[in-house]
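Please open the model in a viewer and keep the selection panel at hand. The stops below are arranged as a sequence of selections, each followed by what is to be found there.

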There are 2 protein chains.
Amino acid sequence: MKKTSTYPVSARGPADHEVRDQIVAAATEHFSRYGYEKTTVSDLAKAIGFSKAYIYKFFESKQAIGEMICANCLRQIEAEVSAAMAETDLAPEKLRRMFKAATEASLKLFFQDRKLYEIAASAATENWQAVVAYEGHIQKLLQDVLQEGRQSGDFERKTPLDETAKAIYLVMRPYLNPLLLQYSLDYTEEAPMHLSNLVLRSLSP
Amino acid sequence: MKKTSTYPVSARGPADHEVRDQIVAAATEHFSRYGYEKTTVSDLAKAIGFSKAYIYKFFESKQAIGEMICANCLRQIEAEVSAAMAETDLAPEKLRRMFKAATEASLKLFFQDRKLYEIAASAATENWQAVVAYEGHIQKLLQDVLQEGRQSGDFERKTPLDETAKAIYLVMRPYLNPLLLQYSLDYTEEAPMHLSNLVLRSLSP
C-alpha cells in the first residue's frame, strides 16, 4: 500500500504521479521492444535504472504496470476513432470512419509501431478492467451513431437499437480485438470497406 | 514413394486404401485424445500397434496424416451444413441455417467431441490444401444461396454478387475458422442469430 505524503511536492522530489508516468513510459518502451511475457520486474528495473523495490513502491505487480500501459493504448485508439468520426456530420460516414480508424489504430499499436501485442493479448484474455471499459466505450459510440442516423432519417428505426449495436459490434470485433486481429491481418485492407458497406445496407430505412 | 502392387488384393491382405483408412481412424482417435502437436509418428505407431516403418509406407509425414484427418473433418462440416440447408427451400432461411450449422459443427469437432483443435489450428495457420478447398466450398454455397434469393425476389440485386458473398463470408469467418473461433466461444450462442439478422437486413430488396 502506497502512503500519501504530507510534504509539499517540491521538498521531496517529483510527485508520485510523475514517477508513475516515468515508469510507465520506460516500461512501454521496454515491453514494446522485448515483449511483455518474458520481462520480469527485475529486468524492467535494471533497464530503467531504478531499484526493484522502488518500482514496487508505485506498482504492486508487473500486471499493474501492464494495465496502465494498456489503458493508455486503448485511450489512444479511442482518441483516434473519435477524431476520425468528428471529421464528418453524416452518420453513415461516421460509421465507416469509425470502423476504418479503429482497425488502423489497433494494427498500428499492437503490430507495427509499438508491438504491444503481448500486453493487449494478456489484457484481452484476462478481461482486464481497461478492456471492459474500452469495449463499453466502443459500443456506446456505436449506439450514438445509430441514434444520430435514426434521427436524421439515414438509418431504419424498426430494429431494437441495442440489438443492432450488438450485431455491428460483433462484425467489427475481429478487427478490434488483438487476439482475433492477429489472424485477420490478411483482411485489414479490404474488410473495413466491405463490412461497412454490408452494415450500411443493413441499416437502410 | 509407395509402389502399386500388381498382385490381386485378396492375395496380399487388406488393400492400401483400407490400411490408410485404418491409420487415419486410429490417428484421429489418438490426436483427439492426446493432441496433435506433441505426438510423434513413433508415439502414433506404438498406440496403433504398427511399426513406424509401416506407417511411413502409407504416409510420408505426420502432417500427411493430419491433412487427411483435417480433410475428413471439413467434409463432415460441409455435409452437416448442406443437410441443414436442404431442410428449407427459402433462401433467407437457408442462410440462417448455414450460419448456425457451420458454427455448431465447427464447435463440436474442434472443441467438444473430438478436440481436433490442434490439427485444425495447424491447418488454418499453414493454409493446408483442405482448408483452401473448404473455404472455397463455403463461399460457393454462399454465392448459390444469394443467387437463389435474388431469383426468388427475396434479396436485392444491385450489389455485385461476389462482393456481397465476400462480405458475408467475412461476417461468418470468426465462427468458421478455428483460430478465431477459440476467442469467440462466448458469442457462439447468440452471434449466429444476431449476425444472420443483420446480414438478412443488408440483403433486403
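Where the two domains of chain A touch, 16 residues of domain 1 and 13 residues of domain 2 take part, contact being defined as heavy atoms within 4.5 Å.

Before continuing, note that this is a predicted model, in which local features need pLDDT of at least 70 and side-chain atom pairs count only at pLDDT 80 or more, whereas totals for chains, interfaces and linings use all residues. Residues are numbered from 1 along each chain as its sequence is written, chains are lettered from A and ligands numbered from 1 in the order in which they are written, and side-chain values use heavy atoms, with hydrogens and water left out.

**Stop 1: the whole of chain A**

Ten helices and zero strands are assigned to chain A; helices (H or I, at least four residues) and strands (E, at least two) are DSSP runs, numbered from the N terminus. The C-alpha trace of chain A spans about 65 × 40 × 25 Å along its principal axes.

**Stop 2: between the domains**

Return to the boundary between domain 1 and domain 2 of chain A. About 1,200 Å² is buried there, and carbon and sulfur atoms give 70% of that area. Buried area is the accessible area (1.4 Å probe) that two parts lose on being put together, summed over both. Select helix α1 (residues 16–34) of chain A next: with eight residues, it gives the most to the side of domain 1 that touches domain 2. That side of domain 1 of chain A comprises eight nonpolar, three polar and five charged residues. In this classification, Ala, Val, Leu, Ile, Met, Phe, Trp, Tyr, Cys and Pro count as nonpolar, Asp, Glu, Lys and Arg as charged, and the others, Gly among them, as polar.

Which polar interactions cross this boundary? Between domain 1 and domain 2 of chain A there are three residue pairs in polar contact (both at pLDDT 80 or more). A polar contact is a pair of N or O atoms within 3.5 Å; within protein, one must be able to donate a hydrogen and the other to accept it, and residues adjacent in sequence count only if both atoms are side-chain atoms.

**Stop 3: a pair within one helix**

Select A:E93 and A:R97, which form a salt bridge with the closest N and O atoms 3.0 Å apart. Because A:E93 and A:R97 are four residues apart in helix α5 (residues 91–112) of chain A, about one helical turn separates them.

**Stop 4: between the chains**

Now show both chains. Chain B and chain A each contribute 27 residues to the contact and bury about 2,500 Å² between them, 64% of it on carbon and sulfur atoms. Highlight B:L170, B:Y183 and B:R201, which supply 25% of the area that chain B buries against chain A, more than any other three residues.

Two salt bridges are counted between chain B and chain A. For one salt bridge, select A:K166 and B:E190, whose side chains meet at 3.1 Å, N to O. Six residue pairs are in polar contact across the interface of chain B and chain A (both at pLDDT 80 or more). On the side of chain B that touches chain A, α8 (161–176), α9 (178–181) and α10 (191–203) of chain B each supply at least two residues, and α8(B) gives the most, with ten residues.

**Stop 5: the axis**

Chain B can be laid on chain A with an RMSD of 0.0 Å by a turn of 180 degrees and a shift of 0.0 Å along the axis, which is the relation of a two-fold axis. The superposition is by least squares on the C-alpha atoms of residues with pLDDT of at least 70 in both copies. Finish on B:S202, whose C-alpha is the nearest to the axis in chain B, 1.7 Å from it.

How values were computed
Salt bridge = Lys/Arg side-chain N within 4 Å of Asp/Glu carboxyl O.
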